[in-house]
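Here are a few exercises to work through with the model open beside you. Try each task before reading its solution.

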Amino acid sequence: MIRFVLLISRQGKVRLTKWYSPYTQKERLKAIRELSALILPRGPKLCNFVEWKGLKVVYKRYASLYFCICVDSEDNELDGLEVIHHYVQVLDRYFGNVCELDLIFNFHKAYFILDEILIAGELQESSKKSVSRVISAQDTLVENAKEQASSLSNMIAQATK
Amino acid sequence: MEQLKTIGRELAMGSQGVWGSSKEFLELVKTIGEAKSKAEEERIVLAEIESLKRRIQEPDVPRKKMKEYIMRLVYVEMLGHDASFGYIHAVKMTHDDNLLLKRSGYLAVTLFLNEDHDLIILIINTIQKDLKSDNYLVCCAALTAVCRLINEETIPAVLPQIVELLNHQKELVRKKAVMALHRFFQRSPSTVSHLFPAFQERLCDRDPSVMSAVLCALYDMILVNVKPFKHLVASLVSILKQAVEHRLPKSYDYHRTPAPFVQIKLLKILALLGTGDKAASENMFNVLGDILKRSDSTSNIGNAILYECVRTLTSIYTNPRLLQNAAEITAKFLKSDNHNLKYMGIDALGRLIKITPECAENHQLAVIDCLEDPDDTLKRKTLDLLYKMTKANNVEVIVERMVEYIRNISDNHYKTEISSRVIELAERYAPSNQWFIQTMNQVFEIAGDLVPQKVAHDLMRLIAEGAGEEDEDADSHLRSSAVQAYLQILKEPKLPSILLQVISWVLGEYGIADGSHSAEFIIGKLCDIVATRPGDDKLKGYVVSAITKICAFEKAAGQTVDLIPECVSFIEELYASHSTDLQQRIYEFHAVLKLDRDTIASILPMDASCEDIEVDKDLSFLNSFVESALANGSRPYLSDNERRGMGAMTTLASNNDAGTSSLLRFQPYEKPSIPEPAAALVTASHYSQDAIDQHDIYSKSSSNDGTRLKLEGVQKKWGRPTYTPEAQVPKNPINISDSVKVSSSAAGKEASSRNSSAPPYTERKQPSQEISAEKKKLAASLFGSKAGETKAKPAAKLQQNGTSKKAPAKPTSPPAPAPAPPPADLLDLSDSLPQIPSVDPVDQLADLISVDSSAATSTTSLVEQVLDAGKVATKGPSPQASLQKDSVSRQVGVTPSGGTNPDLFKDLFG
């Protein structure tokens with residue numbers, strides 16, 4: 001089971017966090033601090049896993065962003081690594097050549113996508129296609145709502161003229 | 001260049017308006033992004049929180065604006081600040097009809113709240129409504145929230161709807177419903193246990209994503225109990241086969257590997273189902289062989305499957321051919337340049353050697369490479385492997401490596417873990433006692449207070465018992481070398497408390513045994529120990545006992561002991577100590593010093609920490625006393641039950657007792673318990689518990705009003721100036737005798753069972769035959785905790801190795817001897833105070849010393865009688881005798897473990 005997902009920049013700035021097991025705010029901060037200290041200085045050739053408090057953290061660096069997931073000690077690390085990659089691929093497909101800024105300014109989108117991939121700490125959907133389908137269905141809905149809203153405001157504007 | 005790109009992005013975003021977020025928010029994100037220091041970021045965020053706090057509470061915030069505020073709250077919280085003031089608004093937003101807002105509300109709520117948050121109750125209703133929604137996206141949003149927010153108590157509120165959703169027409173909803181039920185299973189298995197058939201039905205869902213969601217749930221359920229799922233083996237194997245043969249939809253392919261995540265999940269489940277089940281395992285061999293053949297070892301995901309396959313193969317019933325393949329894969333991993341694969345290889349090797357230990361030898365060099373690798377993760381993993389590979393012939397090397405490793409890390413979690421492993425290995429395979437003691441000292445020095453107390457006890461016991469053979473010379477040599485080593489260690493600054501405790505005990509017990517150190521020297525050292533750690537009461541307790549022992553040894557040897565000034569001032573200080581334990585020790589110390597030479601020699605004999613103390617459980621030495629009391633017209637003892645049966649029996653009550661008791665009756669207080677003030681006054685709760693029980697008995701016998709007397713008793717007990725134990729003990733001398741008689745005859749069974757569970761007068765050890773049985777058990781079960789024992793019983797050791805080969809990874813019992821014999825408690829000064837009759841021990845001792853002339857001459861003989869195993873002492877005033885016995889055991893560092901048995905005294909003083 002995945003305990004939490006953490007996206008941190010090379011400077012140690014948090015870009016996204018999702019906690020699947022209960023952690024208090026204090027524990028969260030502590031975990032982020034400890035893991036940043038543990039992961040960020042690691043060289044490129046070392047392995048992508050760190051052991052941390054009896055759990056394992058699998059991380060992978062994409063450009064300036066570290067994607068980390070914390071898994072149980074019995075879990076398959078390579079599998080975790082691929083879950084990260086899967087998420088990144090879906091993000092990439094959605095944003096079109098994703099970069100850190102996309103995630104900074106659209107973190108809620110990143111959350112929605114993550115929610116489609118992982119639920120309750122388990123990988124729920126391994127098909128990129130169906131994830132994209134759901135997300136775009138939601139987005140059309142949003143677009144529709146927007147159009148409605150704008151047409152409404154147009155109508156109001158016209159009426160008040 | 002990168003900067004240019006960034007600017008371009010930003011411009012593009014600004015023009016897009018980025019999904020309706022306001023300029024303000026973008027500005028905020030940007031300024032935070034550009035913050036030069038942590039402090040600056042902090043300042044910006046705090047300002048943002050202030051403005052949000054203000055604005056979010058304004059009346060009539062437009063909903064869209066509110067959504068943005070909430071997103072900003074999410075951002076603020078993500079940066080590690082508290083945004084709890086806005087939670088309620090996020091909850092409100094989930095009520096919104098607009099899906100967009102609702103989803104944002106749910107997202108915020110799932111990020112903000114834990115499942116036990118108070119606000120959850122406000123969301124349940126919305127969730128219930130949304131689960132019934134026609135719009136599947138609403139359903140999904142609600143289900144996602146359910147996975148995060150529903151706790152054990154609220155499961156029933158949503159369970160029926162979710163079960164219904166299992167048959168929803170949209171696969172997305174079915175999948176999330178399965179995941180939600182899985183979550184419920186994790187929270188409280190009983191709530192969904194009736195749904196196992198429904199899960200199995202979903203396993204055959206036409207959509208693979210639903211099937212793979214079921215696999216997650218199945219894995220957890222099988223982990224709990226394999227049996228109900230055994231029949232699934234065939235269908236799971238066929239699903240795996242389909243996946244491997246590319247028969248799942250193409251969209252599940254990942255890097256040209258067919259549905260790898262599904263494969264891995266299935267392999268995990270099969271590993272559970274096939275464990276120890278030959279028939280089930282045989283079903284799997286075919287498909288496993290297929291996977292090994294087909295998987296692509298050049299891609300990461302292919303290797304992930306291969307690794308999982310190796311794991312499965314090592315846990316199911318063995319198949320030599322497939323194991324051979326697994327070994328080849330492992331070898332490939334280990335030889336790879338990729339650190340990740342090396343790591344997996346080490347892990348796989350650790351699993352393989354459980355089944356085929358000899359395969360480790362082929363990879364010696366690779367393993368050594370990994371051990372020397374600068375990558376800490378890899379190094380630690382390799383130490384794990386070594387731990388699994390440890391045998392008697394390589395233990396020294398491996399332990400040395402481990403000790404070296406923990407010396408250099410600062411992470412307490414792993415320091416604890418690895419040091420406990422070192423201790424375990426040392427206990428199991430130690431080649432010599434010398435080595436064992438050295439290793440332990442190293443561990444104590446490095447890991448210090450992370451080492452469990454028990455390890456210290458075991459070490460002390462080893463030093464005390466020696467090799468366990470009848471070789472006194474070797475033992476005493478071991479001891480004096482231990483003393484030497486510890487005196488050496490004491491020169492180092494900053495030793496952990498637990499090591500100092502061991503040192504104090506060893507110095508006290510054996511410091512002057514070989515005659516090379518004078519008592520003054522050792523006492524000086526002991527005082528130095530205390531000086532380094534002024535606030536450590538437990539350590540002081542050890543030191544006082546040690547000094548007592550040394551002084552007693554000296555006196556017994558006919559020499560006078562002149563306490564050095566530091567020691568005197570140290571002792572003076574303790575008279576006023578807040579710790580009653582320390583006070584008692586110090587009073588006893590003085591009492592012992594006043595005794596004459598022979599008495600001391602029998603109370604605290606030299607090198608007797610391993611001797612057994614026989615306890616006369618029936619207190620038969622009191623028989624004559626009882627008889628004479630009966631002859632003088634006392635009433636015979638009635639057990640507690642009998643007395644209660646007699647109801648209005650108040651004849652024993654003295655008049656004034658009865659008189660006062662009628663004034664105060666607190667009916668509700670039926671059961672005696674420790675009153676708070678008493679517990680606060682003294683740290684020794686057992687002690688006071690005893691006192692209370694005793695007084696309770698008095699009161700029962702005297703007036704049937706336990707409550708009043710109990711309270712009074714406590715005050716008397718602990719109010720120092722008015723403390724008059726003699727007034728109570730002689731008050732009912734006849735009762736004592738009565739009780740003894742009955743407990744020794746009629747209630748003998750009861751008493752003995754109590755005694756065996758927790759003897760209040762602690763024997764230093766169980767009777768000797770019990771010890772030997774325990775030793776046998778010790779040797780037979782994986783732990784020859786002492787090198788001496790392993791040496792003494794080479795056959796047993798071989799057997800150990802044999803068994804450990806089969807399952808070295810999961811030692812079946814804790815590192816130290818499992819059947820913890822009483823000696824473990826021997827040295828335990830930790831939490832229970834010496835349990836003695838609630839009368840003041842010092843006063844009793846004083847009694848003992850100042851016994852009238854006839855008693856004075858018989859004291860030594862009395863003591864001998866008491867100590868004499870097996871012999872039933874039949875004369876002498878009993879409390880003194882038992883007290884002496886108790887003092888013997890305590891002075892050598894024994895703490896009776898019988899903290900839980902205050903009942904015994906009921907009979908005694910009834």
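Chain A has five helices and seven strands, where helices (H or I, at least four residues) and strands (E, at least two) are DSSP runs numbered from the N terminus. This is a predicted model, where local features need pLDDT of at least 70, side-chain atom pairs count only at pLDDT 80 or more, and totals for chains, interfaces and linings use all residues. Residues are numbered from 1 along each chain as its sequence is written, chains are lettered from A and ligands numbered from 1 in the order in which they are written, and side-chain values use heavy atoms, with hydrogens and water left out.

**Exercise 1.** Write down the order of elements in chain A from the N terminus on.

*Solution.* The order reads β-β-α-β-β-β-α-α-α-β-β-α. As for burial, 62% of the 161 residues of chain A count as buried (under 20% relative accessible area, with exposed over 50% and partly exposed in between; 1.4 Å probe, protein chains only).

**Exercise 2.** Count the disulfides over all chains, then look at Cys139(B) and Cys527(B).

*Solution.* Start with the rule: a disulfide is a pair of cysteine sulfur atoms within 2.5 Å. Next, check Cys139(B): its closest cysteine sulfur, in Cys140(B), is 6.8 Å away, so that's too far for a bond. Cys139(B) is buried, at a relative accessible area of 0%. Then take Cys527(B): the closest cysteine sulfur sits in Cys567(B), 4.0 Å away, again too far for a bond. Cys527(B) is buried as well, at 6%. The count over all chains is zero.

**Exercise 3.** Describe how H17(B) packs on H18(B).

*Solution.* Two packed helices are described by the angle between their axes and the distance between the axes.

- Geometry: H17 (residues 300–315) and H18 (residues 320–335) of chain B pack at about 135 degrees, with axes 10 Å apart. Axes are lines fitted to C-alpha atoms, for helices over the stretch in contact, and angles run from 0 to 180 degrees between N-to-C directions.
- Class: H17(B) and H18(B) are therefore oblique (under 35 degrees is roughly parallel, over 145 roughly antiparallel, 65 to 115 roughly perpendicular and the rest oblique).
- Contact (heavy atoms within 4.5 Å): Asn303(B), Leu306(B), Tyr307(B), Val310(B) and Leu313(B) in H17(B) meet Leu322(B), Leu323(B), Ala326(B), Ile329(B), Thr330(B) and Phe333(B) in H18(B).
- Make-up: nine of these residues are nonpolar, two polar and none charged (Ala, Val, Leu, Ile, Met, Phe, Trp, Tyr, Cys and Pro are nonpolar, Asp, Glu, Lys and Arg charged, the others, Gly among them, polar).
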